[in-house]
Amino acid sequence: MRRLRNLKIVATLGPASDDYDMIRNLFEAGADVFRLNMSHGSHEEIARRHAIIRRIEEDTGRPIAILADLQGPKLRCGVFANGAAELEDGQNFRLDLDDTPGEAHRVQLPHPEIFAALEPGASLLVNDGKIRLRVKACGPDFADCEVVVGGTISNRKGVNVPDVVLPLAALSDKDRRDLDFVLELGVDWVALSFVQRPEDVTEARGIVGSRAAILSKIEKPAAVKCFDEILAVSDGIMVARGDLGVEIPVQNVPPIQKRLVRACRAAAKPVIVATQMLESMIESPMPTRAEVSDVATAIYEGADAVMLSAESAAGQYPIEAVTTMNNVAIEVESDPTYRTIIESSRQASRTTVADGIVAAAREIAETTDIKAICCFTESGTTALKTARERPRVPILALTPYAGTARRLCLSWGINCYFNSKVERFKMAVVSAARAAREGGYGEGEDRIIVIAGLPFNIPGSTNILRVAPCEERLIFNVEPE
């Protein structure tokens, strides 16, 4: 099942996509990665969806990536005596640790770590920023605030603190339980929510080890400020524009998105653009023109993947949403302007032999009639470096490791194939030619580029490039050992 685009699509599973037939249809419509949202659903439901995905993978013979998205530390206010209260602009309002039900002038905020970090002048945002408070005075157990933007505040609404780095553990107790569970299941990616500093990622790495790749969600101003350090210790990035757009002015989100996408590409690490991409399709079979343009913008920027959240998890038109993203990607990538933008934004990185090999492969493919670039990869690094070049021809990643193949499903343009270990380069070329023929990329005298490292089975040893025909007989006639 060959995709006709390089962009990858992440689809969140939920009540609307909870059985084999629906998830299989989502995969066939274009989903490359399935997201399991640990904020919703029991462990039993998560395990069932995981098992269905693996069944589909076996039935189709194509690797599929599974991303488990941890909830992260959720900050919420307490409850109100009447269930809600009306706050007026300019009034005083207190947050404290008292668990007495709230009313129009106060409510509990059961997070002493917030009070420990607050300073006068700091902002507090409630209910996705619909209510805005400014701290006038604070102590270890209270914050007296002025209501800057009022409205209805109700039980357990979320609270954002954009101006300070909170002394919160990167992983809550729930996150740790969920993390142990999904690692035991065998997910391929773990997404960390509300990352504030590189140490948050390092802490999770100590638990995850090599069992899964780590995706850091950028949704806090603090994370934007130290993004380079976070990127260095992460395997991938999600630009989570929902909470990010709450905690910073909305007009700042597009340039930040563009900057983060380019940084990830330069680092050869996959980046997902997420949140509200086709939100109207939760209830409508057709997206708005603005949503289509938003998806297209992420593609023009060179993002590895775009993500559907409630559209595929709880919406009325999950298949239509995936199909729309697939069609937008095909159309954008066929636009000559897309190629111009992608190639003009390419950043040369020539610090290793592997960097030179993949750059040479891309240049050869652009100047001769090459049908595909085939990478033999143990850890996935060679394929990721090739994807960074954004070549004009398909990338085939051949690996003996299912985990590597699945993780690479998130990266731009990479088509993953399981392949047994090889000991001789000639057999590697033969295996690449077979994959190219079976995938419909070429046949006969059509030529492919094969990249590998000698000796084999040593990660990070990429040092050889060969142009070869797709026909095995021709390979044996002309290829050296």
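**Sheets, a cavity and a pocket in a predicted model**

Trainee: Which residue in β11 stands opposite Leu-125?

Mentor: The model is predicted, so local features need pLDDT of at least 70 and side-chain atom pairs count only at pLDDT 80 or more, while totals for chains, interfaces and linings use all residues. Residues are numbered from 1 along each chain as its sequence is written, and side-chain values use heavy atoms, with hydrogens and water left out. Strands (DSSP runs of E, at least two residues) and helices (runs of H or I, at least four) are numbered from the N terminus, and two strands pair if DSSP finds at least two bridges between them. Strand β7 (residues 123–126) is joined to β11 by two bridges and the two run antiparallel; the residue in β11 opposite Leu-125 is Asn-160.

Trainee: Which are the edge strands of the open sheet of six strands?

Mentor: The six strands follow the order β6-β5-β9-β8-β7-β11, and their pairing is mixed. An edge strand here pairs on one side only, and this applies to β6 (106–108) and β11 (159–160).

Trainee: By how many degrees are neighbouring strands turned against each other on average in the open sheet of five strands?

Mentor: This sheet has the order β19-β18-β17-β20-β21, again with mixed pairing. Its edges are formed by β19 (414–418) and β21 (462–469), each of which pairs on one side only.

Trainee: Which residue in β19 stands opposite Thr-399?

Mentor: Strand β18 (residues 395–399) and β19 run parallel and are joined by five bridges. The residue in β19 that stands opposite Thr-399 is Phe-418.

Trainee: Which element supplies the largest share of the lining of the second largest cavity?

Mentor: On a 1 Å grid over the protein atoms alone, a cavity is a set of points where a 1.4 Å probe fits but cannot get out, a pocket is an open set with protein on both sides within 12 Å along at least five of seven lines, and lining residues have an atom within 4 Å of a point. Points are joined across faces, edges and corners, a volume being the space filled by probe spheres set on them, and the second largest cavity holds about 60 Å³. Its lining includes Cys-264, Asp-304, Leu-384 and Ser-411, and at least two residues come from each of α9 (253–266) and α15. The largest share, three residues, comes from α15.

Trainee: Between which domains does the second largest pocket lie?

Mentor: About 470 Å³ of space lies in this pocket. Among its 25 lining residues, the closest to the centre are Arg-3, Leu-4, Arg-5, Asn-6 and Glu-333, and the largest share of the lining, three residues, comes from β19. Domain bounds come from an automatic or database domain assignment. Because both give residues to the lining, the pocket lies between domain 1 (8–72 + 170–335) and domain 3 (353–477).
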